[in-house]
Amino acid sequence: MAGSAGPAAGTAGAPAVGASAPAAGTGAASAQPSAPAAGGGAGSGAPVPPPAGAATPGADLEAVLLDDKLVGQVLPDAKAMAGWEEEKRKVDTADHATTCTASAPCTGKPLSGSVRFSSGDLVTRFIVETLPNRDAAKNRLKETYASYTSGPFQQVDTPVLGSESQAFQGPLAGSDGIGIVLRSGTVVASVTTEGGPADVAAARRFAVMLVKRIEQAQQGRTPDAGLGLA
């Protein structure tokens, strides 16, 4: 799904307006963790993670991530995304009123972080939103689900990630793409893939990696999960 359009930065998976697609599904998946699907991968030859062998993380942790440096670490970096080129990275306050920088850090408030990677025509975006508690995160997740189900997106049946999640397929940047929206404790996040054949398995592996990085941060560890660990 190549192109500049896509989910707006800082909005956890809110889909961009695109061409028509089959009617969106309704309802969210159950919140029970399950193992990631094995096999599959992007059909275009772009680097994707190997099949996952470990169980999908599913802790519903209460830890809050209200520090911009930590949110920046949660977002995958070049080491985690081996073979992909980082194009754009940003962390700001959840209301997008303030961009967080080294000289003007943001702490103690809800934050939004996003990063975009490309490999040829393929584009993968990661978005993380940190909330002050799990109830706020649950409400934010419902809002993000609604942004998909009210548009031209189909719900995709796929095992749950994190505390709860849902996958969608539909038009992103002018072609068919995949969006996975999830909650891990107090964090709402999304992964979108575009620019090639819609590949749910590949998008899911990126999301597995992101959930692991979120949970590492919630456990007080430095986020370092990469594609090879997802």
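**Reading the terms against the values**

Modeller: Among contacts in the chain between residues at least 6 apart in sequence, 66% join residues at least 24 apart, where contact means heavy atoms within 4.5 Å. This is a predicted model, in which local features need pLDDT of at least 70 and side-chain atom pairs count only at pLDDT 80 or more, while totals for chains, interfaces and linings use all residues. Residues are numbered from 1 along each chain as its sequence is written, and side-chain values use heavy atoms, with hydrogens and water left out.

Colleague: What makes up the chain, and in which order do its elements run?

Modeller: The chain has 3 helices and 7 strands, where helices (H or I, at least four residues) and strands (E, at least two) are DSSP runs numbered from the N terminus. Starting at the N terminus, the order is α-β-β-β-α-β-β-β-β-α.

Colleague: Why is S165 called buried?

Modeller: Buried means under 20% relative accessible area, exposed over 50%, and partly exposed in between, with a 1.4 Å probe and protein chains only. The relative accessibility of S165 is 4%, so S165 counts as buried. S165 belongs to strand β5 (residues 164–172), where 8 of the 9 residues are buried, and in the chain of 230 residues 50% count as buried.

Colleague: What does the side chain of S165 reach?

Modeller: The side chain of S165 reaches the backbone nitrogen of L161 at 2.9 Å.

Colleague: How do you know which strands pair with β5?

Modeller: Two strands pair if DSSP finds at least two bridges between them. Strand β4 (residues 154–156) is joined to β5 by 3 bridges, and these two run antiparallel, with Q154 having Q169 of β5 as its bridge partner. Strand β6 (residues 175–184) also runs antiparallel to β5, to which 9 bridges join it, and there the partner of P171 is D176. The hairpin of β5 and β6 has 2 residues between the strands, and A173 takes a positive phi near 55° in that hairpin.

Colleague: What makes the span of helix α3 agree with expectation?

Modeller: The expected span is 1.5 Å times one less than the number of residues. For the 19 residues of α3 (residues 200–218) this gives 27 Å, and the end C-alpha atoms are 27 Å apart, so the two agree. Because 17 of the 19 residues of α3 are buried, the helix is largely enclosed by the rest of the structure. At the N-terminal end, D199 caps α3, with a side-chain oxygen 3.2 Å from the backbone nitrogen of A201, and after α3 comes G220, whose phi is positive, near 85°.

Colleague: Why is the link of C100 and C106 called a disulfide?

Modeller: A disulfide is a pair of cysteine sulfur atoms within 2.5 Å. C100 and C106 have an S to S distance of 2.1 Å, and the structure holds 1 disulfide. With -110° about the S-S bond, the link of C100 and C106 is left-handed, and both cysteines are buried.

Colleague: Is H96 buried, partly exposed or exposed, and where is H96 found?

Modeller: The relative accessible area of H96 is 37%, so H96 is partly exposed. H96 is found in the loop between β1 (85–93) and β2 (111–119), and its phi is near 60°, a positive value in a residue other than glycine.

Definitions and conventions
Polar contact = N/O pair within 3.5 Å; in protein donor to acceptor, adjacent residues only side chain to side chain.
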